[in-house]
Amino acid sequence: MSPAVLAVVWLLVSLDCALMGYRLAMGRSALLDKRARHRRASMRAALLGQPALAGMTLLAVGLVATGPTGLGAAFDDAMIRLLAVAVPYAAVLLAATALCLVPSRAVRTVATVTIFGPLSLFRPVLVIGAVGYAVLPDPQWPLVLMGALIVIPGVLVEPWIDLRIARRLVLDAASAATAAALAASGAAPDLPRSRAQRRGEERLETVRVGGDAQMAAIVPTHVERRAEEVPRRREEVW
Amino acid sequence: MLEITDLLVDIDPASGRRYPVHRAEVAHRLRDDGEARAARVVGRLPANDGVLDDEFVDRLLISVHGEIQRLSEEFRHGDRIACLLGPLIATLRTTGRPGPYRIVDLGCGTGYVVRWLARHAAMDDVEYVGVDYNAALVDEARRLARAEHLPCRFFVSDAFSSGGQADLLISSGVLHHVPADHLGDLFAHHESGPAVGFVHVDFQPSALAPIGAWLFHRARMRLAIARFDGVQSARRAHAPSLLGETAARHAPSFRTWIHRGRVRHTPFPGVFASIIGVRHPFAETAISAFGRRARQLEGAA
């Protein structure tokens, strides 16, 4: 296996992980200054990808060492075919990023609408296409196995985390509703406190759901402040 | 064409009183509008005896606005409005009105634009204020402004309220929420109020707008409501020509211009358009304040 080709693949996958971290961090805070948060998320995702990359590289090296003669060359060819798709994709993304340095809001808007949005959306298709293009011309089982190990996390991890975030957003809203009901009923049972609760960011409460049955709810503390404001006031003059 | 978020809250603009919203009724209206998928989304929302839970809806709307803020961030709505607002503030200073000048964002939601202006375009003689009829969104806007120590204020009020004092009115992504037959009321409110000018930014309708909106919201939004409403926003946006005609008819003391945010000499249609209005006595001053950029204002010739 060629170390140079492997290094380029490693670099691109790390970059992809970092961008995934950035995308997953977006939209989760309504504050204005989120650069540090996004930077941390990108770094964390890139770092989390390293053990997986190392594991896959070791597996590939092991397969080549124990496999038939010529498997190393087949891996190299497959990785070059993979790069033939991945490098132009990365180049378009980098070019669009460079375009955003142009001090024109209209240019940046066009870059977002025509490049960043569609490329983010079609990334899973591109991952499947790139791996298919790399593996299918020479479908030896070690190549198919490595292809599957790239496609499955590459396609499923981000939507899975996105789905969890969306569910969390809805659950938070449901917890807020539960908290309001609790605040109205005056119930405040004692339960073990998590670290977030000890820091005062969240509290755990229970709500009676019929008979003796109870349901636990994790409630952000700012909900209590809002619950206290009922009934709503209305300022007539601004 | 309906948006889900427009139907989840029923507040009387005059009294501020909130009325219960029946889930089945919202789903029925959406289904009647041909939006079966949106009706299914609403059908999954929690309700007590068929009435949507206010607290849940409020928290959900805050989450949806958090998602929608991505759009404002990526399309730089703060900067977009600041560029159009600057010349109007310069015009205000020539009117002889005493400062501080109050810039009011109508339908501010969680206040992204107001907070952005307070952070990036703070001036000694300018005060940024956001108003929204939803108290939960206003509370969230206040919390976010406090968290970043931003000099801006938020109040509960609706865009048609006559209770406020404003020198300039702004909005972003609000006009498409106002039905075409009520746009006149909005501009009539501008006419009768004390504001010297206004800037309203909204989607610009085009054949590509729904496709672009679908791509963007599918790629960026996580919540089904945000995805659906985002596409509907682009589909039901008012044509800039309609905005201009309505403003001319219902706010005749204003001279109005349309500004389309597009890349010149390219085939790409603009995603957003703005309608800008200034009281007639100050219109020429405003055009001078825009300088070379006045050429981009349709109707300024």
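Buried area is the accessible area (1.4 Å probe) that two parts lose on being put together, summed over both. I looked this up for chain A and chain B, which bury about 4,900 Å² between them, with 60% of that from carbon and sulfur atoms.

The model is predicted, and local features need pLDDT of at least 70, side-chain atom pairs count only at pLDDT 80 or more, and totals for chains, interfaces and linings use all residues. Residues are numbered from 1 along each chain as its sequence is written, chains are lettered from A, and side-chain values use heavy atoms, without hydrogens and water.

Next I looked up contacts (heavy atoms within 4.5 Å). I found 49 residues of chain A in contact with 61 residues of chain B.

I then looked up salt bridges (a side-chain nitrogen of Lys or Arg within 4 Å of a carboxyl oxygen of Asp or Glu). There are two between chain A and chain B. In a salt bridge, Lys34(A) meets Glu73(B) at 2.2 Å, N to O.

Which elements of chain A give two or more residues to the side that touches chain B? I noted α1 (3–25), α4 (105–121), α6 (141–185) and α8 (222–228); such helices are DSSP runs (H or I, at least four residues), numbered from the N terminus. The most comes from α4(A), with 14 residues.

Last, I looked up nonpolar cores, which are sets of buried (under 20% relative accessible area, 1.4 Å probe, protein chains only) Ala, Val, Leu, Ile, Met, Phe, Trp, Tyr and Cys residues joined through side-chain atoms within 4.5 Å. The largest has 83 residues, and Ile4(B) is among those with the most contacts inside it. Ile4(B) touches residues including Leu30(B), Val41(B) and Phe228(B). A second, separate core of 22 residues includes Leu12(A) and Val155(A).

How values were computed:
Buried means under 20% relative accessible area, exposed over 50%, partly exposed in between (1.4 Å probe, protein chains only). Lists of a residue's contacts leave out its neighbours within four places in sequence.
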